[in-house]
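Visitor: Please show me the sequence and the model, and let us then go through them in questions and answers.

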Amino acid sequence: MANKKSVVQEFKLDPKCELRFEVENKNEKVRLELKNGRAEVFGTALVRGKKYEFTTGAKVAVYTWQGCTVELVGKVTVSYVAKETPMGLYLNCHAAMERIRETAEKDDSIGPIIMVGGSCDVGKSTLCRILSNYAVRMGRSPIFVDLDVSQGYISIPSTISAFLVERPSNVVEGFSHQASVVFHFGHKLPQANVTLYNLLVTRLAEVCSDLLQVNKKVRASGIVINTCGLVKGDDYKLLTHAVQAFAVDAIFVLDQERLYNELVRDMPDFVEVVFLPKSGGLVERCQARRPEARDQSVREYFYGSPIPFNPYNVEVKWSEVRLYKIGAPVLPASCMPLGMKAEDNLTKLVAITPGPSLLHHMLSISSVNPPEDVVQTNVAGFVCVTNVDVERQTFTTLTVLSPQPRPLPNTVLLLSDIQFMDSH
């Protein structure tokens, strides 16, 4: 990494200042090292003298409460020191949550259930990461819930998920998600199937509630919920549904005064609504960058980052698997069987016929088989279709990119709108 062409920058940060840098150049690597003092990245403390390596796509904020000196080795797209940050307000939110946790611990009751809302690219997942890290550093174990199907913070895009936070996130890789609960939604936006989205949100809330009931430490620690950019109209209804499903106590609204005022108006008195500014270092991503971010999320699932994985190309016969999508076109009420509602079609399994149109699509591997409820059951993992062979006379063959060799964990596969071009 360090060679004659390496660019070395040293930054001396005053207390309550933040170094922000981005790595966008392809195949570029940047090494961060804390030379002295104390600092953190999104709530995770840096170890003095340890070298942290960031690659393409990294957007990093190094914050210090007491002052520090850090060194960057490598070419960054942009780097600067910010003296005005919202970190003090974020810490106040953590302190308020911690007081609730202390009371919940004494009373053996449920700790704070908080939700972070706002439009796209205002730092919702970053704030959730900071609050979760601060909670863990206080000895707590909150549940982190991700309802953002467009990007996917815990799992790949087109899913909603949750996991138990038991240790601070890795500075470079983020949280370890090995024990996460993931539900297949199959679309990039909640609006693609509102009925299914609300159904899965309710189901995930039930799973989290069960965990709160059986684990005293988790019960006192509460839940931190990341949401999609849902701020108005029908989107707003999805947000309020999630508030009701999880029985949210507080909503932190980032940089959206309209959303804040509407929630103040509509929420019951026991739900606290707090307006918070976004970080000044955040830049709204253009629409062209969003597919890139989704590709990066899927690529990391198969190939890891920064530690490389070695996925497998697995060939499976069509006769060996059962492929479905969730949701069929809505029929008029007059065409529905007696007793069925029109929206029931939006949550039913529909069998898929093999063909070239499956190429590059992500498939979720169900953890159960019909007649069990595949729709409301977590998935075991994901594969990507890299080849469809329909030329053979006797059977169609799929080649899929898989994290593990044959056999697949299950033969029930669920089709997603997410596509991934494997360039390795």
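This is a predicted model: local features need pLDDT of at least 70, side-chain atom pairs count only at pLDDT 80 or more; totals for chains, interfaces and linings use all residues.

Visitor: Which residue in strand 7 stands opposite glutamate 40?
Guide: Strand 4 (residues 40-41) and strand 7 (residues 58-64) run antiparallel and are joined by two bridges. Glutamate 40 faces, in strand 7, tyrosine 63.

Visitor: Which residues make up the covered face of strand 6?
Guide: Strand 6 (residues 51-54) is joined to strand 3 (residues 30-37) by four bridges, and the two run antiparallel. Within this pair, glutamate 33 has lysine 51 of strand 6 as its bridge partner. Lys51 belongs, with Glu53, to the uncovered face of strand 6. The covered face consists of Tyr52 and Phe54.

Visitor: How many residues has the largest nonpolar core?
Guide: The residues with the most contacts inside this core are Phe21, Leu32, Leu46, Val62 and Phe252. Leucine 32, beyond its neighbours within four places in sequence, is in contact with residues including Leu46, Val62, Tyr52 and Phe54. The largest nonpolar core has a total of 47 residues.

Visitor: Which helix contributes the largest share of this core, and how many residues has the other core that lies apart from it?
Guide: The largest share, six residues, comes from helix 2 (residues 124-137). Among the members of the other core are Val145, Ala205, Ile251 and Met267. Its size is 44 residues.

Visitor: Which strands are at the edges of the open sheet of seven strands?
Guide: The sheet has the order 13-12-11-14-10-15-16, with mixed pairing. From one strand to the next, the twist averages 15°. The edge strands each pair on one side only, and they are strand 13 (181-184) and strand 16 (272-276).

Visitor: What is the bridge partner of valine 116 in strand 15?
Guide: Strand 10 (residues 113-118) and strand 15 (residues 250-254) run parallel, joined by five bridges. The partner of valine 116 in strand 15 is phenylalanine 252.

Visitor: At about what angle does helix 5 run to strand 10?
Guide: Helix 3 (residues 194-214) lies across strands 10, 11, 12, 13 and 14, and its angle to strand 12 is about 10°. Helix 5 (residues 233-246) lies across strand 10, strand 11, strand 14 and strand 15. Its angle to strand 10 is about 175°.

Visitor: Which backbone oxygen does the side chain of histidine 361 reach?
Guide: Histidine 361 is in strand 20 (residues 361-366) and counts as buried at 14% relative accessibility. Beyond its neighbours within four places in sequence, the residues in contact with histidine 361 include Val383, Leu415 and Ser416. At 2.8 Å, its side chain reaches the backbone oxygen of serine 416.

Visitor: What is the relative accessible area of aspartate 255?
Guide: Most residues other than glycine have a negative phi. Aspartate 121, in the loop between strand 10 and helix 2, has a positive phi near 60° and is buried, with a relative accessible area of 13%. Aspartate 255 also has a positive phi, of about 60°, and lies in the loop between strand 15 and helix 6 (257-266). Aspartate 255 is partly exposed, its relative accessible area being 35%.

Visitor: Where does proline 407 lie?
Guide: The peptide bond from proline 370 to proline 371 is cis, with omega near 15°, and proline 371 lies in the loop between strand 20 and strand 21 (379-389). The bond from arginine 406 to proline 407 is cis, with omega near -5°. Proline 407 lies in the loop between strand 22 (397-402) and strand 23 (412-419).

Visitor: Which element of the chain has the lowest mean pLDDT?
Guide: The chain averages a pLDDT of 90, and 92% of the residues score at least 70. The highest mean among the elements, 98, belongs to strand 14 (residues 223-226). The lowest, 84, belongs to helix 7 (residues 289-303).

Definitions and conventions. Residues are numbered from 1 along each chain as its sequence is written. Side-chain values use heavy atoms; hydrogens and water are left out. pLDDT is the predictor's confidence in each residue, from 0 to 100. Two strands pair if DSSP finds at least two bridges between them. Buried means under 20% relative accessible area, exposed over 50%, partly exposed in between (1.4 Å probe, protein chains only). A polar contact is a pair of N or O atoms within 3.5 Å; within protein, one must be able to donate a hydrogen and the other to accept it, and residues adjacent in sequence count only if both atoms are side-chain atoms. Contact means heavy atoms within 4.5 Å. Axes are lines fitted to C-alpha atoms, for helices over the stretch in contact, and angles run from 0 to 180 degrees between N-to-C directions. A nonpolar core is a set of buried Ala, Val, Leu, Ile, Met, Phe, Trp, Tyr and Cys residues joined through side-chain atoms within 4.5 Å.
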